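I opened my notebook to write down what I looked up in this structure, entry by entry. The sequence and the model come first, and my notes follow.

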Amino acid sequence: MKLSINSLPNKNDIRNTYESYSPILSKILVNIENRLRQTIHLASMPTYKSRVKSFGSYYRKVLRLKASEAEKTNFVPLTDMMGIRVICAFLEDLSEVEKQVKKYFDVREVEYKGAEQNFREFGYESVHVLIAIPPECMPKPLELPLPENIVCEIQIRTILQDAWAEVEHELVYKTEFTPFDLPLKRKLASMNASLSLADIIFQEIRDYQKKLQGEVESRRTAFYEKADELTLSQVSLLPPREEHKSLARASPYVHGTIDDMILQAIQAHNNGELKKAVEIYTDIIHSEPTPSAPVLAVIHKHRGMAYFADNDYERALDDFCKSVKYDPAAFRSYYYIGIVQSIRGENASAVESFSRSLELNGYQSHAHFRRAISYFELGEYEKSLSDLNAARALGLDEKECRSLNDKLVKKLGMGM
């Protein structure tokens with residue numbers, strides 16, 4: 001039997017009932033969003049948008065989908081009365097947010113919007129997760145009884161998916177005219193495809209950066225281990241060893257997935273192919289057109305680390321000095337200069353280099369520690385102790401500090 005609009009409850013009665021529930025729904029929404037903020041953890045933190053459905057939208061949807069229920073009650077619960085958008089930077093974040101929502105909430109349903117569309121169609125993609133309202137998110141006291149099946153909708157999108165959804169809503173759903181003609185449909189489909197492609201490209205760049213950063217961290221760790229061995233043995237803070245630790249590291253990444261010279265060089269370095277790494281860095285330095293100063297600063301720093309790994313300290317020092325020439329704010333390059341100088345026994349120069357690095361970034365525990373070692377070698381024990389204490393305050397492992405501290409106690413005649 002077809003329902004007549006006259007058989008529905010009075011619109012004003014429905015409005016009054018819905019608006020009496022709106023403050024309760026708003027409080028629930030705030031509580032759920034706060035819980036999401038506390039439980040969702042990503043490398044790039046998402047942003048949030050929350051809304052309680054307006055009465056106009058609510059009423060139209062009730063008439064369209066729940067008219068029979070509206071004959072019996074003035075308050076028909078819809079799945080999207082309360083909505084929270086979790087807006088992420090990258091495509092990889094979508095599945096991670098979904099996984100964390102499933103972990104911390106009672107999930108009733110998951111829908112993947114737009115997944116069924118082909119490339120000729122337009123429409124936004126989005127993950128919609130319906131969750132039960134956690135008891136701790138209910139207002140206390142609860143002023144009005146809520147239906148048992150009430151849910152909150154969590155939409156998970158990228159920034160570009162959200163932008164598209166907003167614009168599409170204005171162009172298609174909020175206007176009397178919709179683009180039925182083929183040229184306009186093609187334009188919308190093309191725009192949607194462009195945004196989808198941009199999301200994919202952003203993710204590829206993100207993957208590249210993570211891959212590159214992993215290689216850089218592996219190489220940097222090996223560099224510091226060798227520097228520790230050389231400088232700490234120099235002042236008898238470590239027992240001498242016949243052979244220095246090799247910087248060759250097995251890369252945890254698959255080779256050749258990204259055709260990029262810098263990544264190839266760092267991977268070669270991490271796998272002990274130091275000559276190959278130096279050759280690639282040198283090709284970059286001498287490429288045409290000449291790279292910009294910031295790029296040259298980075299490449300000289302990387303090539304210097306490869307020379308350092310090959311025990312060619314003179315060339316390493318030359319490259320680190322060129323790095324700060326191209327980028328005077330390169331605090332790590334000044335730090336590396338100080339390390340090479342200290343290994344060569346040039347402790348006065350090393351103090352100057354470590355000091356310059358700390359002027360640019362004063363929160364380097366190891367820079368304070370290495371300057372403390374150089375001060376110790378120069379016989380400036382008070383300055384050495386001051387730097388050692390600064391390194392401790394910045395969180396340097398106490399085990400690393402203990403031996404130098406004991407030597408300073410003896411030199412300064414301090415009682416314990």
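I began with leucine 197, which lies in helix α6, residues 182-234; helices here are DSSP runs of H or I with at least four residues, strands are runs of E with at least two, and both are numbered from the N terminus. I noted that this is a predicted model, in which local features need pLDDT of at least 70 and side-chain atom pairs count only at pLDDT 80 or more, while totals for chains, interfaces and linings use all residues. Residues are numbered from 1 along each chain as its sequence is written, and side-chain values use heavy atoms, with hydrogens and water left out.

I looked up the relative accessible area of leucine 197 and found 48%, so it is partly exposed; buried means under 20%, exposed over 50%, and partly exposed in between, with a 1.4 Å probe and protein chains only.

**The core**

I then turned to the largest nonpolar core, where Ile32, Leu36, Tyr58 and Val101 touch the most other members among its 39 residues. Such a core is a set of buried Ala, Val, Leu, Ile, Met, Phe, Trp, Tyr and Cys residues joined through side-chain atoms within 4.5 Å. Which element gives the most to this core? I found that α1 does, with nine residues. In soluble globular proteins, nonpolar side chains tend to be buried together.

**Cysteines**

I searched for disulfides, meaning pairs of cysteine sulfur atoms within 2.5 Å, and the structure holds zero. The sulfur of cysteine 137 is 9.0 Å from the closest cysteine sulfur, that of cysteine 152, which is too far for a bond. Cysteine 137 is buried, at a relative accessible area of 2%, and cysteine 152 is buried as well, at 0%.

**Helix α13**

Is helix α13 largely enclosed or open? I found that 11 of its 13 residues are buried, so the rest of the structure largely encloses it; among the buried ones are His368, Phe369, Arg370 and Arg371. I also checked its length: at 1.5 Å a residue, the 13 residues 365-377 should span 18 Å, and the end C-alpha atoms are 19 Å apart, which agrees. The expected span is 1.5 Å times one less than the number of residues. Just after α13, glycine 379 takes a positive phi of about 80 degrees.

**A loop aspartate**

My last entry concerns aspartate 327, placed in the loop between α10 (313-326) and α11 (331-343). Its relative accessibility is 30%, so aspartate 327 counts as partly exposed. Aspartate 327 and proline 294 are 33 residues apart in sequence, yet 6.2 Å apart in space, C-alpha to C-alpha.
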